[in-house]
Amino acid sequence: MALIKTNLDKLDFSKLYKKQIKNSTFKSKSSSDWDKKAKEFNQNVKASSYTKDFIKRVDLNDCETLIDIGSGPANISLALAKKLKNIYALDYSNNMLEFAKQNAQEQGIENLITIHKSWYDSWEDVPNADIVIASRSMEVKDIKKALEKLNEKANKRVYITTKVGGSFIDKEILNQIKRDIIPRPDYIYLLNTLHSMGIFAKVDFIKTSSKKFDTSNEDEFIQKLKWSLGKISKKEEKILRKYFNTTYKLKEKDESLTWAFISWEKYL
């Protein structure tokens, strides 16, 4: 039997992903980090147009169940809950799941089931669902294993989003401290890993306004940068505080983020 080989066959995007995520300036957060961030995050997602842009792309035809991986406060799954029999919110942050329960109660939703697990736990006892979503939660060490887990748990369809470009911090801010960064893997790593798995996914894009560093409080601005960058030297902090007070808080902000919306039909 004849074999057809291309240059693409020589590239292992899952291996390239591992190398990029390992070297990236931006490190993954622990469950306790997200526990501390849960209240602020819950408030921010309620004010964002992102949820509406996400759910309008989800096909619920002939579907009764959905599982939301890395759900946070479950804003996506709760927005779809009244059209489904059961929704499951899976997250490794207990506080995020508590806000999910609170949000469900406030909205009169009774079909939410929470699951306290991470990407790296066994999902053997996690139920399959017609639809699996992973919204902005694909920061994993092994992207191929993560995609396989999503596909395995889906009965019909999978929907995920990941950022276009691997940095959340504006270049102008980084230029102030002359800090070079190594970004996280871009969405194209995920798309090409799916291709290598025989999954031909569709891609769309969601553009949202960015409020990540939008604050009138100098200390809060520094704390938000530390959340993303990690350690900041005293010299860098001094420069950033001056920049904040003389430029950043006074300028018109029209910053945005672009998310790749990747979807596919269940791969059997």
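Student: Which residues is Arg157 in contact with in this predicted model, leaving aside its neighbours within four places in sequence?

Tutor: Arg157 is in contact with Asp59, Leu60, Asn61, Cys63, Asp130, Ile131, Val132, Trp264, Glu265 and Lys266. Arg157 itself lies in strand 5.

Student: Why does Arg157 count as buried?

Tutor: The relative accessibility of Arg157 is 8%. The cut-off for buried is under 20%, so Arg157 counts as buried.

Student: What makes the approach of the Arg157 side chain to the backbone oxygen of Asp59 a polar contact?

Tutor: The side chain of Arg157 reaches that oxygen of Asp59 at 2.9 Å.

Student: Why is helix 8 described as mostly covered?

Tutor: Seven of the 10 residues in helix 8 (residues 187-196) are buried, namely Tyr187, Tyr189, Leu190, Leu191, Asn192, Thr193 and Leu194. What covers them includes helix 1, helix 6, strand 5, strand 6 and strand 7.

Student: How many residues does the largest nonpolar core have, and which have the most contacts inside it?

Tutor: This core has 32 residues, and those with the most contacts inside it are Ile69, Trp119, Met138, Leu147, Leu150, Ile160 and Ile262. Helix 8 gives the largest share, five residues.

Notes: Residues are numbered from 1 along each chain as its sequence is written. This is a predicted model: local features need pLDDT of at least 70, side-chain atom pairs count only at pLDDT 80 or more; totals for chains, interfaces and linings use all residues. Side-chain values use heavy atoms; hydrogens and water are left out. Buried means under 20% relative accessible area, exposed over 50%, partly exposed in between (1.4 Å probe, protein chains only). Helices (H or I, at least four residues) and strands (E, at least two) are DSSP runs, numbered from the N terminus. Contact means heavy atoms within 4.5 Å. A nonpolar core is a set of buried Ala, Val, Leu, Ile, Met, Phe, Trp, Tyr and Cys residues joined through side-chain atoms within 4.5 Å. A polar contact is a pair of N or O atoms within 3.5 Å; within protein, one must be able to donate a hydrogen and the other to accept it, and residues adjacent in sequence count only if both atoms are side-chain atoms.
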